[in-house]
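Welcome! Please take a moment with the sequence and the model before reading on.

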Amino acid sequence: MAKHICSKETFTSPRGLMPSTTTGTGRWLQQLADHPALPPPLSDQHPTYIGFDISDQQFPPPDASSPRLAFEVHDMVKPFPTEHHEKFDLVNVRLVSYAIKGVDLDRVVRNVIQLLRPGGYLQWQEADASDSWAHPETSAASSCIDYVIAEKVDRGLLPCIAGPLVKTILSVPVTVPDGQHNIVSWSRDLMRLVHLETVSTYNHPSPAVAAGKKAAIMSAATALLKARVHRKSTELQNSLESDPWVGKLKDEVKAMETTLRAVERWDEESSWDFDLTWIVARKAIVQETGKGWMAVRRPSP
């Protein structure tokens, strides 16, 4: 996805700080930092790219990443520290549908938008479990998706986040005082949708998309499947042999364990493809009516 960030057909090259939420290993940020189309760092003393994640378990060691990168632990359901508010030209978010609850979606969107400077861009990628497929269909792939969707529903997660996400991003209002206007969309919407695309992982030529596919399956989907196996196994252990549901529960746990082993092998019999929803939206710029706005709205590259 780094190449999309730099496409001037979508928007001009970012000039300032850029964070990525749900950063994981920081691979996306590292690719971005190494991209030749992006401008040099603003300062040798401060990082240009910051990665946020709820855990630091996958963060690279300090000596293994570019000095232009920094990583911070943060739960995006909570507001970001005020020192980060309106400091970033671009924010990248990916695959949070496997982690945040539906009731938290509005709060998460607002927290992320708060990081953007006026005129900054939000890039968001999601892969709904319900948008998965496999040709030919295999029992491991279909069973894993069925279990993942069921676990999402049980946890209050959104099995289909793309539609609600777009609506939420576009529903945040902005205050436009009398005598001023929003030169990004000429409306009272805080965000304007500038790009919406569905990217299929099937035979996609980009190594980044292939890596994202494996990460979504091996990290996000498998984590939910493991959690479901553990929860159902605990439920079985706490049941009595005389309970009428024990036989069915035993079969379910056994089937889930078989599916998990198959998916963890990561071969043609256990993988699948999906549609990745790619969203780009731009934050409002509010300024006085009568001031020049064309050059502000689209700065020179």
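Predicted model: local features only at pLDDT ≥ 70, side-chain atom pairs only at ≥ 80, totals over all residues.

Residues are numbered from 1 along each chain as its sequence is written, and side-chain values use heavy atoms, with hydrogens and water left out.

**The whole chain**

The protein chain has eight helices and ten strands; these are DSSP runs numbered from the N terminus, helices being H or I with at least four residues and strands E with at least two. Of its 301 residues, 47% count as buried (under 20% relative accessible area; exposed is over 50% and partly exposed lies in between, with a 1.4 Å probe and protein chains only). Contact here means heavy atoms within 4.5 Å. Among contacts between residues at least 6 apart in sequence, 77% join residues at least 24 apart.

Helix H4 (residues 139–155) and helix H7 (residues 246–265) pack at an angle of about 120°, their axes 9 Å apart. The axes are lines fitted to C-alpha atoms over the stretch in contact, and angles run from 0 to 180 degrees between N-to-C directions. From H4, Ala-140, Ser-143, Cys-144 and Tyr-147 meet a set of H7 residues including Glu-252, Met-256 and Val-263. The residues of this contact divide into seven nonpolar, two polar and one charged (nonpolar: Ala, Val, Leu, Ile, Met, Phe, Trp, Tyr, Cys and Pro; charged: Asp, Glu, Lys and Arg; polar: the others, Gly among them).

**One side of a helix**

In helix H5 (residues 162–171), Ala-162, Leu-165, Val-166, Thr-168 and Ile-169 are buried. They cover an arc of only 165° around the axis, so they lie on the same side of H5; the arc is that of the directions from the helix axis to the C-beta atoms. The buried residues of H5 pack against helix H3 (105–113) and strands E5 (116–126), E8 (191–200) and E9 (273–283).

| Residue | Relative accessibility | Class |
|---|---|---|
| Cys-144 | 0% | buried |
| Cys-160 | 40% | partly exposed |
| Glu-288 | 46% | partly exposed |

Glu-288 sits in strand E10 (residues 286–288). Leaving aside neighbours within four places in sequence, Glu-288 is in contact with Gly-179, Gln-180 and His-181. The C-alpha atoms of Glu-288 and Val-176 are separated by 9.6 Å, although these residues are 112 residues apart along the chain.
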